[in-house]
Amino acid sequence: PIMCRMFGGNVFQYVSVLLAAGACLPVITCDRTTYKAAVYEHVLISPENAEGKFTRDEAFFWMSKNLDVFKTQISIAAKKGVDIIAFPEYGITGFDHSRDSMIPFLEDIPEPSEEWVPCTDKDRFPETRVLNVLSCLAKTNTIYIVANMGDIKKCSRQTDNNCPLDGRYQFNTNVVFDKDGKLVARYHKRHLYDESPLFDMSPEIEYSFFDTPFGRFGTVVCFDLMHMHPTQSLLEKYSVTNLVATSSWNVFYPFVLPMQMYSGLSKRNNINVIVANVRHAEYVMAGSGIFGNGKNVLSVPEFTSEKGVLLITELSNAKAEDKQTTSLVSMFNDIKSLPYKNKTFSGKSELGADMSFAILHADETEAIVCRDGRVCCAIEYKFKYHDNNELYVVGAADYHMNDLGKIHMQFCAVHKCKSSDPKTCGKYVTSASSTFSNIKIQAFFDKRLVFPFLGTSPFNNMTIDVEQNNYQFDKDKAIFESSQLQHPLLAAVVFNSAGIQ
């Protein structure tokens with residue numbers, strides 16, 4: 001049989017761990033070098049009158065509508081030899097609940113250390129019908145399943161100062177079942193986005209991962225991806241080389257498309273990233289993908305479509321050769337050395353961030369722009385083809401988001417404006433015609449967690465390519481560089497998640 005080996009301990013096939021930062025771990029190696037991964041971009045079925053009152057049976061009736069879709073897609077994936085499949089955030093419970101109406105949709109999810117197979121021991125823990133269904137789907141189809149649901153934990157403020165006033169935690173939660181139907185991982189989302197008071201932030205940062213015959217996997221939820229903790233720490237401290245996430249990410253053209261984020265995370269860390277996103281027209285959500293080791297399999301961010309998408313590809317569990325640009329040469333050493341000469345103007349992005357812009361003229365080859373002295377962007381470029389009806393700029397942003405979710409984001413973005421009017425720069429744009437023969441962006445900010453985001457437009461419509469293999473990125477110098485982009489450019493971004501734990 002194919003096994004993973006643990007040096008410094010017993011031989012084992014898999015393990016699920018939730019550890020505090022700083023814990024020591026054995027080194028894992030695997031005989032199996034490849035595996036098949038799948039994500040299903042699900043068109044969410046939400047309950048009618050989701051803020052109303054539901055019995056447990058009524059809640060399960062609505063969740064079963066989504067689980068029935070999962071059952072079909074898992075069967076298809078298993079017949080194609082898929083080893084692990086992921087489904088989206090809120091994929092089972094649906095949207096639009098109130099805190100109280102959500103209660104019958106929640107289950108008290110036990111620790112993975114319980115070594116529990118719900119499918120064969122369904123009465124061990126009460127009111128766990130969703131967990132039972134997922135366990136049986138994993139066991140019957142011999143497949144790992146990553147799904148998102150709600151966890152409920154009773155608490156008391158007499159013993160827990162973080163306990164909500166209503167005496168219960170409600171957590172946005174990922175669960176993972178192995179091929180035998182055993183619960184091997186549970187993760188409570190740390191960074192909520194427009195989810196309070198429905199869900200509570202995990203009071204502690206959790207690092208959740210599990211070992212398989214084909215590598216070590218970590219799991220997080222949506223907005224967690226943009227933060228140092230838990231995501232980046234999980235990768236760096238616990239030797240995670242495969243990250244699987246559930247998501248309900250909005251389509252934020254042109255800077256933070258879901259696929260740009262997933263691909264950038266894979267590029268930065270030289271790992272496999274597997275993310276299932278919701279498809280939802282009203283909330284403008286779409287875009288899933290599987291990225292790593294030269295593979296880029298992604299959906300079209302066509303959020304109005306009423307058809308789900310199953311993506312499947314084979315990945316290597318070994319890290320590819322790290323080609324991360326130690327050879328990239330800085331254009332300038334620091335902000336003080338920038339020859340700041342070109343004209344700039346101000347505007348606002350689709351995200352609401354105040355930005356400063358500099359126009360990229362077809363007959364010029366460089367530009368510099370700064371935002372309030374805290375973020376500066378230098379660019380060297382040359383158009384291969386410039387559509388005279390298209391306006392391109394380099395923009396700088398320094399934005400503290402504190403309403404829907406909490407993050408301090410800084411970025412330098414070369415992008416196409418919505419029209420030739422400079423007032424439309426930073427706004428929603430879905431297609432482009434102009435191409436670059438070379439482009440180099442260097443960002444100057446307080447570097448903390450730096451990603452590359454790239455989106456190109458191969459068919460002049462909503463189809464997006466991330467061209468992960470066609471550019472170089474240096475996270476330490478915050479440099480993006482390419483002379484190999486194949487398609488018209490929507491946006492090339494050097495993004496910094498500058499704060500919020």
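**Figure 1. Close-up of the disulfide between Cys370 and Cys376 in the predicted model.** Cys370 is buried, its relative accessible area being 12%. The sulfur atoms of Cys370 and Cys376 are 1.9 Å apart. The torsion about this S-S bond is about 115°, so the disulfide is right-handed.

**Figure 2. Close-up of the disulfide between Cys119 and Cys136.** A search of the whole structure finds 5 disulfides, and the one shown here has an S to S distance of 2.1 Å. With 105° about the S-S bond, the link of Cys119 and Cys136 is right-handed. Cys119 lies in the loop between strand 5 (84–86) and helix 2 (129–141), whereas Cys136 belongs to helix 2, so the pair ties together parts that are 17 residues apart in sequence. Both cysteines are partly exposed: the relative accessible area is 26% for Cys119 and 25% for Cys136.

**Figure 3. Close-up of the disulfide between Cys155 and Cys163.** The two sulfur atoms are 2.1 Å apart, and an angle of 75° about the S-S bond makes the link of Cys155 and Cys163 right-handed. Cys155 has a relative accessibility of 19% and counts as buried because the cut-off for that class is under 20%. Cys163 is buried as well, with a relative accessible area of 1%.

**Figure 4. Close-up of helix 4 (residues 258–269).** Helix 4 has 12 residues and reaches 17 Å from its first C-alpha to its last, close to the 16 Å expected at 1.5 Å a residue. Of its 12 residues, 12 are buried, so helix 4 is largely enclosed by the rest of the structure. The buried residues include Lys267 and Arg268, along with Met259, Met261 and Leu265. Just after helix 4, Asn270 takes a positive phi of about 55°.

**Figure 5. Close-up of the salt bridge between Arg32 and Asp83.** The count for the structure comes to 24 salt bridges. In the pair shown, the side chains of Arg32 and Asp83 meet at 2.7 Å, N to O. The pair links distant parts of the chain, 51 residues apart: Arg32 is in the loop between strand 3 (27–30) and strand 4 (34–41), and Asp83 is in the loop between helix 1 (56–79) and strand 5. Asp83 counts as buried, at 5% relative accessibility.

**Figure 6. Close-up of the salt bridge between Glu89 and Lys189.** The closest N and O atoms of Glu89 and Lys189 are 2.9 Å apart. Glu89 lies in the loop between strand 5 and helix 2, and Lys189 in the loop between strand 8 (183–188) and strand 9 (207–212), so the pair ties together parts that are 100 residues apart in sequence. Glu89 and Lys189 are both buried.

**Figure 7. Close-up of the salt bridge between Arg99 and Asp166.** The closest N and O atoms of this pair are 2.5 Å apart. Arg99 lies in the loop between strand 5 and helix 2, and Asp166 in the loop between strand 6 (144–154) and strand 7 (168–177), so the bridge ties together parts that are 67 residues apart in sequence. Arg99 is buried, with a relative accessible area of 12%, whereas Asp166 is partly exposed, at 37% relative accessibility.

Conventions: Residues are numbered from 1 along each chain as its sequence is written. This is a predicted model: local features need pLDDT of at least 70, side-chain atom pairs count only at pLDDT 80 or more; totals for chains, interfaces and linings use all residues. Side-chain values use heavy atoms; hydrogens and water are left out. A disulfide is a pair of cysteine sulfur atoms within 2.5 Å. Helices (H or I, at least four residues) and strands (E, at least two) are DSSP runs, numbered from the N terminus. Buried means under 20% relative accessible area, exposed over 50%, partly exposed in between (1.4 Å probe, protein chains only). The expected span of a helix is 1.5 Å times one less than its number of residues. A salt bridge is a side-chain nitrogen of Lys or Arg within 4 Å of a carboxyl oxygen of Asp or Glu.
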